Structure formats: structure tokens, C-alpha cells
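Here is a short tour of this protein for anyone who likes to keep the structure open while reading. Let's walk through it one region at a time.

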Amino acid sequence: MRDQLLCALCDLLQSAHVTLLGFGMQEDIDRVAMAIGPCDALGATVDLQKICHDNLPSCRMSAASGANPISLQAACWALLGCTMQKSKLLQMSDWSAWPLSQAQLAYAATDAAVLVRMYMAVRQQQASTMAQSKVQTLG
């Protein structure tokens with residue numbers, strides 16, 4: 001059963017039909033590889049922290065000043081104009097313990113939901129930018 005689950009997870013991670021969203025996701029990829037073994041190659045991955053750094057002036061300025069990379073909270077504000085209510089204590093809780101608590105599950109679900117909203121906002125901004133450049137080209 002465990003081997004079947006691991007194979008299914010690798011298939012999902014490698015699928016070209018699934019977009020994996022993350023924020024500073026290399027550490028997550030490394031953890032998955034340690035837990036299940038390396039998959040041959042990942043499918044489509046989108047690291048929203050890198051996209052924010054590359055495309056949002058406020059993110060580039062904070063990185064240039066020697067600050068840590070932009071946080072999910074700050075990126076959420078920059079892209080969506082809203083804040084996330086997340087407990088620092090919960091963030092630092094033992095995520096290796098099984099089963100995860102209801103609070104941990106809610107925390108993780110909040111991160112996942114915000115990543116989807118941020119990804120949609122980035123895609124919308126990209127589409128708008130492309131449309132504007134087409135208008136300028138035609139004009």
C-alpha cells in the first residue's frame with residue numbers, strides 16, 4: 001500500500017497536467033525527496049516567492065537592502081492587498097508529529113488557498129500586461 005501511495009505521489013508531482021504552487025519551495029521539494037525519495041523530474045512548478053521578487057518593485061527593494069526574501073505575508077499584501085492572520089507559535093510547531101492538529105491543518109490550508117489566489121492575480125497581471133503591449137504595438 002505504501003509503495004502504491006509513493007508511486008501515485010511521484011506521478012502527481014511529475015505530471016505535466018498539474019501545476020505545483022509554492023513559496024520558496026526548494027526546501028519543500030528537498031523535504032519531499034527525503035521522505036519519498038527523489039522523483040525523476042517535477043512537472044510544472046511555480047515559485048511565487050521568486051515571481052514576486054522578479055516582478056514586484058517592493059520585493060526587489062527589500063531584497064536589495066539585504067533583508068530576507070519577501071515573506072508570504074508581505075507578498076500576499078503586495079499582490080492581493082490583504083493580510084493573513086497566522087500564529088507564529090503555530091508556524092514553529094512540530095510539523096513532523098502525526099497526525100497534524102486541526103490548527104496545523106487550517107494553517108496549511110490557508111497557505112494553499114492564498115497561493116492559489118496569488119497565482120491567479122499574477123496570471124491576471126501578466127495577461128493585462130500582454131494586452132497593453134499589444135495595444136501599444138498596434139498603436
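Predicted model: local features only at pLDDT ≥ 70, side-chain atom pairs only at ≥ 80, totals over all residues.

## Around Ser15

Leaving aside its neighbours within four places in sequence, Ser15 is in contact with Gly43 and Ala44. Ser15 sits in the loop that runs between helix 1 (2–14) and strand 1 (19–22). Is Ser15 buried or exposed? Ser15 is buried, because its relative accessible area is 17% and the cut-off for buried is under 20%. The side chain of Ser15 also has a polar atom 3.0 Å from the backbone nitrogen of His17.

Strand 1 pairs with strand 2 (residues 44–47) in the parallel sense, over four bridges.

## The nonpolar cores

Which residues have the most contacts inside the largest nonpolar core? They are Phe23, Leu48, Cys52, Leu72 and Met118, in a core of 16 residues. Helix 3 (48–55), helix 5 (72–80) and helix 7 (102–138) are the elements that give two or more residues to this core. Helix 7 supplies the largest share, five residues. In soluble globular proteins, nonpolar side chains tend to be buried together.

Two members deserve a click. Cys52 is buried, with a relative accessible area of 1%. Leu72, leaving aside its neighbours within four places in sequence, is in contact with Phe23, Met84, Lys86, Asp111, Val114, Leu115 and Met118. Apart from this core lies another, of five residues, among them Cys10, Leu13, Met25 and Ile36.

## Helix 2 and Cys10

Ala33 belongs to helix 2 (residues 26–36). With a relative accessible area of 30%, Ala33 is partly exposed. Ala33 and Cys10 are 23 residues apart along the chain, and their C-alpha atoms are separated by 9.8 Å.

## An aromatic pair

How many aromatic pairs does a search of the whole structure find? It finds one. The ring centres of Trp95 and Tyr107 are 5.6 Å apart and the planes are at 55 degrees, so the pair is tilted. Trp95 lies in the loop between helix 6 (88–91) and helix 7, while Tyr107 lies in helix 7, so the pair ties together parts that are 12 residues apart in sequence.

Trp95 is partly exposed, with a relative accessible area of 32%, whereas Tyr107 is buried, at 11%.

## Cysteines without disulfides

If you are wondering about disulfides, the count comes to zero. Cys7 is partly exposed, with a relative accessible area of 48%.

Conventions
Residues numbered from 1 in each chain as written. Heavy atoms only, no water. Buried < 20%, exposed > 50% of the residue type's maximum accessible area, 1.4 Å probe, protein only. Polar contact = N/O pair within 3.5 Å; in protein donor to acceptor, adjacent residues only side chain to side chain. Contact = heavy atoms within 4.5 Å. Pairing = 2+ DSSP bridges. Core = buried A, V, L, I, M, F, W, Y, C linked by side-chain atoms within 4.5 Å. Phe/Tyr/Trp six-rings, centres within 6.5 Å; stacked < 30°, edge-to-face > 60°. Disulfide = S-S within 2.5 Å.
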